[in-house]
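This report goes through one protein model and its ligand. Please keep the sequence and the coordinates open while reading.

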Amino acid sequence: MRRVYLDHSATTPLDRGVFEEMKPYFSKKFGNASSLHSFGREASEAVEEAREKVANVLKCKPSEVFFTSGGTEADNWAVKGTAFANWKKGRHIITSSIEHHAILYTCEYLEKNGFEVTYLPVDRYGLVKPADVEDAIRKDTILISIMHANNEIGTIEPIGEIGKIARENEIYFHSDGVQSFCKIPTDVNKLNVDMFSISAHKFYGPKGVGALFIRSGTKIEPLLHGGGHEKGMRSGTENTPGIVGLGAASELGLKRMEKDAEKMISLRDRLIKDVLKINGSWLNGHPVKRLPNNAHFCFSLIEGESLILYLDEKGIAASTGSACSSKSLEPSHVLLRIGLRHEEAHGSLRLTLGRENRKDEIDYVIKVIPKEVERLRAISPFKTKKQLSSFKSTEED
Ligand SMILES: *Cc1c(COP(=O)(O)O)cnc(C)c1O
């Protein structure tokens with residue numbers, strides 16, 4: 001059976017070339033990057049080369065890039081690290097209500113430990129209003145954290161503008177850039193961010209490695225204490241093969257960013273146009289301010305989880321939204337925050353494209369989805385006779 005992978009926001013396949021670059025560091029070049037001998041130097045040189053490659057995408061100094069175990073650690077570090085370093089100055093944090101759980105649950109943890117958090121609302125497209133950020137600022141605000149692009153609905157936030165407000169008020173500004181890095185430009189100076197999280201497996205690198213950009217001069221505590229790696233900021237023997245993979249994926253991603261985006265936008269827009277022909281369907285997220293690879297729909301009267309399973313039977317890998325919350329029955333917090341009712345939010349489908357997707361794969365998906373939606377509606381527990389007849393599919397093949 002043919003298989004089409006359309007879940008690139010959950011994870012991407014490891015690029016073959018990236019894998020080849022990583023390989024020697026699992027075996028022949030196994031040295032500990034902290035060792036003084038040639039084995040160690042071989043590893044530490046590779047780590048520094050990777051740091052430069054990441055810095056090239058962020059347009060920052062290599063010394064401002066700190067490797068982590070992934071996006072979750074980078075997010076935790078940015079929020080807790082700034083909180084722990086600046087609590088004497090203030091204990092108030094501003095974030096949005098549609099952040100990834102790596103930010104939201106970290107903020108909730110801090111709330112249980114003496115900090116106060118403002119969770120900003122978003123509009124129906126998922127956009128944070130810069131004016132709302134400004135209004136939420138207090139004398140004791142020490143950190144603002146707003147994601148660059150949302151992982152469920154793909155909305156791109158006005159980070160540059162919010163960053164300007166943060167800077168004018170001398171408040172640290174972090175952005176979760178896990179979904180935007182290597183998909184759209186992420187120049188940390190244009191974005192006006194002090195910290196920025198990335199994760200390799202979201203852009204064709206390996207799982208379990210990421211980085212946090214920390215602008216020099218930022219007051220932040222380490223989360224991990226020990227041998228003093230990463231200039232004492234993140235202890236633990238460097239994951240050399242992973243870091244090499246992160247660097248290689250960054251270099252490749254930067255080179256391909258424009259072409260990949262152009263191709264994905266054209267496939268995505270065809271997908272959106274055709275899927276929206278289904279009765280009782282709509283697009284979530286912003287029509288224009290959205291990631292090149294994201295299409296996120298809702299279909300009335302069905303369960304998104306069931307649709308995912310039906311599509312999987314046809315070889316199509318999709319998602320309802322966040323991979324992290326898809327095992328719970330609660331509808332997505334993002335969809336509720338953009339104003340959907342519970343029953344509407346349940347019928348969601350996220351299709352996220354990658355650079356390897358082809359036109360014929362999208363053709364196949366466009367043929368399958370209407371049939372599967374119709375099949376589900378026929379057995380829908382939500383249906384009433386009247387609703388069912390009004391949603392009878394227009395596709396007759
Ligand atoms: C995937 C993701 C994370 C978590 O990154 P991991 O490397 O999987 O820990 C954080 N934030 C966003 C927006 C993500 O999409």
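The sections below cover the ligand site, surface and loop residues, backbone angles and salt bridges.

## Ligand site

The model is predicted. Around the ligand there are 13 residues, and the closest are Thr72, Asp176, Gln179, Ser199 and Lys202. By residue class, this shell divides into two nonpolar, eight polar and three charged residues. Helix H3, spanning residues 71–86, contributes three residues, the most to the shell.

At Gly71, a backbone N or O atom is 2.8 Å from a ligand oxygen. His201 places a polar side-chain atom 2.9 Å from an oxygen of the ligand, and for Lys202 the distance from a side-chain N or O atom to a ligand oxygen is 2.8 Å. The ligand taken alone exposes 380 Å², of which the protein buries 87%.

## Surface and loop residues

Leu14, Phe19 and Phe26 make a nonpolar surface patch of about 280 Å². Phe26 sits in the loop that runs between helix H1 (16–22) and helix H2 (38–58). Phe26 counts as exposed because its relative accessibility is 54%, and the cut-off for that class is over 50%.

Asn357 is also a loop residue, placed between strand E12 (348–352) and helix H11 (359–378). Its relative accessibility is 1%, so Asn357 counts as buried. The Asn357 side chain reaches the backbone oxygen of Tyr5 at 3.2 Å.

Ile265 belongs to helix H7, residues 240–275. With a relative accessibility of 33%, Ile265 counts as partly exposed. Its C-alpha atom is separated by 8.6 Å from that of Leu291, a residue 26 positions apart from Ile265 along the chain.

## Positive phi angles

Most residues other than glycine have a negative phi. Glu170 has a phi near 55°, a positive value, and lies in the loop between helix H6 (159–168) and strand E6 (172–176). The relative accessible area of Glu170 is 66%, so this residue is exposed.

Cys182 also has a positive phi, near 70°. Its loop connects E6 with strand E7 (195–199). Cys182 is buried because its relative accessible area is 10%, and the cut-off for burial is under 20%.

## Salt bridges

Side chains of opposite charge can pair when their charged atoms come close. With a salt bridge taken as a Lys or Arg side-chain nitrogen within 4 Å of a carboxyl oxygen of Asp or Glu, the count comes to 25. One of these joins Glu372 and Lys314, with the closest N and O atoms 3.9 Å apart. This pair links distant parts of the chain: Glu372 is in helix H11, whereas Lys314 is in the loop between helix H8 (304–313) and strand E11 (316–317), 58 residues apart. Glu372 is buried at a relative accessible area of 3%, while Lys314 is partly exposed at 31%.

Asp363 and Lys359 also form a salt bridge, their closest N and O atoms being 3.5 Å apart. Both residues lie in helix H11, four residues apart, which is about one turn of the helix. Asp363 is partly exposed, with a relative accessible area of 30%. In the pair Glu344 and Arg341, the closest N and O atoms are 3.0 Å apart. A network of salt bridges links Glu21, Glu49, Lys53 and Glu251.

Technical notes: Residues numbered from 1 in each chain as written. Predicted model: local features only at pLDDT ≥ 70, side-chain atom pairs only at ≥ 80, totals over all residues. Heavy atoms only, no water. Near = heavy atom within 4 Å. Polar contact = N/O pair within 3.5 Å; in protein donor to acceptor, adjacent residues only side chain to side chain. Areas by Shrake-Rupley, 256 points an atom, 1.4 Å probe, with all protein chains shown as cover. Helix = DSSP H or I, 4+ residues; strand = E, 2+ residues; numbered from the N terminus. Nonpolar A, V, L, I, M, F, W, Y, C, P; charged D, E, K, R; others polar. Patch = residues over 30% accessible without salt bridge, like charges linked within 9 Å, V, L, I, M, F, W, Y side chains within 5 Å. Buried < 20%, exposed > 50% of the residue type's maximum accessible area, 1.4 Å probe, protein only.
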